[in-house]
Amino acid sequence: MPLKRTLLALAIGLAVLPAHAANPRDPTTLELLARIAALEERLAAVEGHYETTQVAEVDQRLRVVERKQELQAEADAARATTATTLALDAGKGLSVKAPGGLEVKLRGLLQGDARFFANGSSQNDGFLLRRVEPTIEGSWGIASFRITPQLAGDSATINDAYIDLKFDPRASVRIGKAKAPFGLERLQSSASTAQVELGLPSELAPGRDIGVQLSGDVAGGALNYGIGVYNGAVDGRDGLTANPDGEFEYVGRLFWEPFKNSASNAGTLGIGVAASVGDTVGSGNNFLPRYRTPGQEQFFGYGSNIAADGERLRQTVQGYYYRGTFGVLGEWIESSQDVRVASGTGAGTRATLRNDAWQISGGWVLTGEDAGYRGVVKPSSPFAIGGDGWGALELAARYGRLEIDEGAFPLFANAASSAQAIRSWGLGLNWYLTQNFKLVTNYTQASFDGGAAAGADRADEKALFTRAQLSF
Amino acid sequence: MKTHHDTRTTLRNLLFGMALALPAFAGLANGKDKELLNVSYDPTREFYAEFNKAFAADWKAKTGETVAIRASHGGSGKQARSVIDGLEADVVTLALSADIDVLATNGKLLPANWQARLPHNSAPYTSTIVFLVRKGNPKGIKDWGDLAKPGIGVITPNPKTSGGARWNYLAAWAWASREYRDGDKVVGYLTRLFKNVPVLDTGARGSTTTFVERGIGDVLLAWENEALLTLNDASTRGKFEIVVPSISIKAEPPVAWVDKNVAKHGTRKQAEAYLRFLYSAKGQALAAKHFYRPAEPDKVPAALLAQFPEVSQVTIDGAFGGWKKAQAEHFGDGGFFDRIYKP
């Protein structure tokens with residue numbers, strides 16, 4: 001503004017002085033007004049140019065600042081792709097990513113149980129660290145790995161230790177110790193099962209085993225297949241660290257989710273079949289199974305003079321259906337084993353014994369979240385002290401049976417200590433406080449055919465299990 | 001007791017057969033078509049997009065093999081560092097030989113004599129540096145001296161990261177050397193010039209964005225091909241014009257296959273054929289179409305050559321003693337550029 005006033009005064013002065021010099025007569029008022037108007041017009045042009053220049057300079061400076069911010073953002077984005085990054089996520093655990101596609105993750109699962117049995121059980125009430133499983137996963141190009149030790153027992157063991165070579169979504173090779181592609185509930189994550197312990201069919205399914213597996217998704221991911229060669233594992237148990245008899249076990253599974261690529265709201269349906277076959281030769285727990293109740297008490301075992309001596313064949317039909325808050329899972333497994341009386345009464349007698357089990361279990365998420373094979377993945381309103389959220393609640397129920405081949409008695413198993421059949425039902429309430437923390441309460445009851453002295457039935461098992469689970 | 005021996009035998013044989021087929025499955029899954037990664041500098045995007053299709057078709061016709069070509073673009077120096085850091089380029093087509101020399105000396109990814117493996121010092125096309133100014137040239141910019149005047153906004157990328165920027169810098173140095181014939185005056189001139197640079201992009205394409213799209217500055221020091229591309233773009237046509245300075249520099253962007261990576265990928269044959277196709281009549285014509293001066297102009301129709309104006313050009317070898325010397329003296333740590341430009 002001072003500049004404008006100065007310019008105006010100067011302009012008026014310059015305008016008036018030459019008028020005196022050029023014309024000795026006094027100018028008329030009209031002439032002066034006309035001159036002032038002309039000068040104001042010229043002044044406005046000068047000011048306009050000045051302001052335009054200033055605006056252009058400010059505009060350029062603003063553009064430069066904006067461009068530098070843009071370049072900084074680009075540089076930050078580029079750096080993110082080349083720098084090592086550390087990320088902590090409630091669902092995915094701790095992750096370190098390095099340039100070149102190398103990624104290492106740390107995850108964990110901790111399960112602490114309190115278990116109570118009704119009078120008459122041989123099991124003791126008590127607290128149990130059921131699972132303590134830190135997991136290291138990594139990937140680099142087509143290769144990835146997983147190492148999961150089990151630290152809950154008296155000595156540490158390895159649950160999973162394998163390398164995956166992912167050539168294509170349709171073909172991935174897994175080498176090492178991992179779950180064999182067989183039992184539906186066995187293949188479920190330990191953190192996701194609806195009940196504290198697995199159902200009766202899983203007693204007949206192989207656990208983790210060492211071998212090589214080819215698996216993949218075809219038909220747009222709707223059909224999953226897995227085939228593998230393993231050392232061989234007895235029913236319901238993990239394989240040993242070495243092949244005890246030099247025989248291999250072949251396992252294959254097909255699982256179809258027909259609605260996977262459907263846009264309709266038909267829910268998630270999965271149907272599968274699987275089989276395993278292989279010879280096993282030897283006696284003792286490493287070769288012949290022992291079956292457990294849902295309370296983890298043994299109710300069947302072969303006699304100490306019995307040996308596995310030939311083929312072990314398993315087959316299963318399995319499926320699940322989840323829609324909205326409801327879900328149901330069912331599974332039937334048959335396991336047959338060639339056995340021989342190694343010594344004592346009937347020595348040399350051979351037989352093929354076939355045991356089978358089935359179960360159906362269901363769940364209903366009371367708080368409205370979707371039910372699924374992976375459990376309730378994320379509560380809509382996580383529990384928070386002083387907050388409004390209470391997490392997610394799920395009711396779960398299960399019924400199942402397991403029958404031992406009647407031919408097992410009395411030559412291959414003692415009817416006074418091993419039951420010929422077990423029926424079990426259970427009810428559970430799962431409280432997912434957050435995505436990572438779950439509390440579980442189960443009541444299970446099992447009844448038996450046989451298994452006690454003088455042909456009597458073994459006493460019912462009644463057990464109340466509770467669990468606190470942290471997973472990330 | 002139940003016997004199912006037949007069923008078991010069948011099932012066992014089936015599973016055994018599937019298990020035996022496992023390695024074959026894995027092998028099939030890995031049996032993909034060949035793929036080449038071309039790591040290039042900033043302004044070659046449009047050229048290689050078209051060239052890659054032409055080569056893939058030519059290779060398919062000659063060999064029956066399908067080859068897919070991926071391209072990565074960025075500031076030339078930055079791209080070279082990425083390759084050293086693990087970006088597995090099968091071929092590099094960078095802005096200057098110093099950036100490929102680094103792959104040989106620091107990365108040990110190809111032999112030191114890589115430049116002798118292909119004709120014309122492995123430079124199948126050349127370019128030069130010109131000025132792109134706003135329509136009507138409102139600041140009256142005619143030659144290099146005008147760039148150092150107060151109030152002129154000069155847009156050029158950072159010579160530390162961009163090959164094009166190093167050519168820009170050396171062209172300005174060549175003019176100043178001829179103009180002042182005094183080292184201090186030359187440095188003084190370049191210092192004033194770089195004081196007029198408001199934004200240092202990392203690559204030539206970024207500088208074009210700064211000047212053309214963001215409207216910053218009065219003059220863009222540009223690859224000739226980048227300037228001609230801007231003039232021929234429908235969205236920017238009529239908004240800019242080219243000023244050819246009294247002297248410029250002959251920019252020779254070289255190409256090479258990266259021996260270590262092609263050996264790892266099994267793509268040595270395809271990579272060499274890809275680069276030799278640049279020297280074919282088709283490759284040379286495509287280069288000219290995208291405003292690069294072909295190294296073998298006799299293979300290109302005269303109409304395509306007519307678009308390139310006469311420019312007096314110095315060469316890197318003649319004016320600066322080669323890239324190795326120029327790189328060390330001007331762009332190495334503590335070199336002239338570090339004295340000239342203080343961020």
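1. Helix α7(B) passes helix α8(B) in a right-handed crossing, a term for the near helix being turned clockwise from the far one by less than a right angle. The model is predicted: local features need pLDDT of at least 70, side-chain atom pairs count only at pLDDT 80 or more, and totals for chains, interfaces and linings use all residues. Residues are numbered from 1 along each chain as its sequence is written, while chains are lettered from A and ligands numbered from 1 in the order in which they are written.

2. The axes of α7 (residues 163-180) and α8 (residues 183-195) of chain B come within 9 Å and cross at roughly 135°.

3. The contact divides into eight nonpolar residues, one polar and one charged.

4. Two residues of chain B deserve a remark on backbone geometry. Lys108(B), not a glycine, has a positive phi of about 55° and is found in the loop between α5 (97-105) and α6 (119-122). Lys108(B) is exposed (12 or fewer other C-beta atoms within 10 Å), with 12.

5. Ser122(B), in helix α6 of chain B, has a positive phi of about 65° although not a glycine. Ser122(B) is buried (20 or more such atoms), with 22 within 10 Å.

6. In chain A, a cis peptide bond joins Phe409(A) and Pro410(A), with omega about 0°.

Definitions and conventions:
Axes are lines fitted to C-alpha atoms, for helices over the stretch in contact, and angles run from 0 to 180 degrees between N-to-C directions. Helices (H or I, at least four residues) and strands (E, at least two) are DSSP runs, numbered from the N terminus. Ala, Val, Leu, Ile, Met, Phe, Trp, Tyr, Cys and Pro count as nonpolar, Asp, Glu, Lys and Arg as charged, and the others, Gly among them, as polar.
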